[in-house]
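Please consult the sequence and the structure while reading.

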Amino acid sequence: MRVSPSLPAPLKAALDGKLQGVSRTDAAQRSAKISNAYRTGGNSGGIKSDADALAYALARMPATYAAVAASLNALIEIVPGLAPETLLDVGAGPGTASWAAAEAFPSLASFTLIDANRTLSKLALELAEDSPQLAGCSYPPGDAGENLAQASIADLVIASYLIGELGESDQRALADAMWAKARNALVVIEPGTPAGYARILALRQQLIALGAHVAAPCPHDRPCPLAAPDWCHFNQRLPRSQAHRQIKGADVPFEDERFIYVALTRTPVAARRSRVLAPPDFGKAEITAKLCTEDGVAATKVPRRDKPAYAEARRWRWGDAVMAES
Ligand SMILES: C[S@@+](CC[C@H](N)C(=O)[O-])C[C@H]1O[C@@H](n2cnc3c(N)ncnc32)[C@H](O)[C@@H]1O
């Protein structure tokens with residue numbers, strides 16, 4: 001099922017409920033402090049109290065949810081028959097990826113969330129009480145590595161905005177461990193920065209060597225054809241609620257989340273499609289789009305005189321999987 005970038009109604013209601021009686025100024029200050037820690041190379045270690053966890057969830061959950069939703073939509077588009085029953089959400093934080101996966105896959109019946117931060121896991125469990133699917137989820141506290149070793153294999157494993165919090169050797173060990181626990185698919189999402197892209201690229205290469213196939217975004221399992229300083233990322237627009245705007249001190253009613261992801265599967269992908277790597281240029285005489293194709297990166301031009309192809313290309317958006325000649 002295609003997932004909307006907006007938080008699902010029960011999650012929105014649960015967050016709004018938690019905000020009752022909480023000072024928005026205090027929440028905004030906490031969220032600014034947490035964001036600043038991220039910007040200066042820190043991690044979520046500064047989320048220490050219930051108030052911090054709520055501030056983090058209010059400020060960041062809408063955007064990370066939208067990025068996970070977009071990544072799962074891309075996976076479903078390429079592997080339409082995927083119907084996982086079990087999910088492992090690694091570095092789950094407030095449960096963001098689990099909520100998105102519940103929307104994407106009505107087949108999911110068992111959710112295991114893993115995170116080192118007890119404050120965030122407490123919040124996740126409280127929020128999950130309001131979800132028909134997530135209410136019975138399990139959330140063992142502790143380090144991802146140790147908990148992963150003990151977790152059962154799951155049909156789908158997701159790590160959203162986690163691996164950037166780990167050192168390089170821990171990232172490699174975690175990638176192996178997550179792949180070992182993924183029966184059908186593993187989806188890893190990171191911020192859409194050059195560093196996030198580099199982490200995804202390294203994980204992709206490591207797991208292809210172990211037999212993984214790339215379902216999305218790449219239409220091939222070969223090394224990424226982009227040459228530095230070029231890099232790959234996508235954008236997801238999401239609506240901002242009034243509370244979200246207040247916590248972020250923002251005026252506009254939407255936000256653009258830049259992200260990068262890789263969706264890996266155990267079985268080879270049946271039908272490959274080219275990926276739109278940047279906003280296409282919709283010119284009068286032709287549409288020009290930067291595509292990642294099975295044969296490499298192409299600046300594809302679709303002339304207006306080729307009416308059916310032009311009509312099709314007018315619908316192309318950054319991040320879309322499209323049928324196109326290279
Ligand atoms: C940026 S948050 C992302 C949370 C959530 N996945 C999301 O997308 O909104 C990163 C999370 O990874 C968790 N984390 C970092 N290192 C970890 C580790 N070694 N084991 C388990 N969780 C870890 C943090 O506690 C935090 O909740």
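## Overall fold

The structure is a predicted model. Its chain contains 10 helices and 12 strands. The radius of gyration is 20 Å, close to the 20 Å that the globule rule gives for 326 residues, so the chain is as compact as a globular protein of that length. Along the principal axes, the C-alpha atoms fill a box of roughly 60 × 45 × 35 Å.

Of the 326 residues, 45% count as buried. Among contacts with a separation of 6 or more, 74% are between residues 24 or more positions apart.

## Helix α7

Helix α7 comprises 13 residues, 168-180. From its first C-alpha to its last it reaches 19 Å, close to the 18 Å expected at 1.5 Å a residue.

Its buried residues are Gln-171, Leu-174, Ala-175 and Met-178. Viewed down the axis of α7, these buried residues fall within an arc of 105 degrees, so they line one face of the helix. An α-helix has 3.6 residues a turn, so residues three or four places apart point the same way. The elements that cover the buried residues of α7 include the strands β1 (86-90), β3 (154-160) and β4 (182-191), together with the helices α6 (144-150) and α8 (194-208).

## Surroundings of the ligand

There are 20 residues around the ligand, of which Gly-91, Gly-93, Thr-96, Asn-117 and Ala-144 come nearest. By class, this shell has 10 nonpolar, 7 polar and 3 charged residues. Helices α3 (50-78) and α4 (96-104) each supply at least two residues of the shell.

Note on methods
Residues are numbered from 1 along each chain as its sequence is written. This is a predicted model: local features need pLDDT of at least 70, side-chain atom pairs count only at pLDDT 80 or more; totals for chains, interfaces and linings use all residues. A residue is near a molecule or strand if its C-beta atom, placed from the backbone, lies within 6 Å of it. Helices (H or I, at least four residues) and strands (E, at least two) are DSSP runs, numbered from the N terminus. Ala, Val, Leu, Ile, Met, Phe, Trp, Tyr, Cys and Pro count as nonpolar, Asp, Glu, Lys and Arg as charged, and the others, Gly among them, as polar. The radius of gyration is taken over C-alpha atoms; the globule rule is 2.2 Å times the number of residues to the power 0.38. A residue is buried if 20 or more other C-beta atoms lie within 10 Å of its own, exposed if 12 or fewer, and partly exposed in between; C-beta atoms are placed from the backbone. Two residues are in contact if their C-beta atoms, placed from the backbone, lie within 7 Å. The expected span of a helix is 1.5 Å times one less than its number of residues. The arc is that of the directions from the helix axis to the C-beta atoms.
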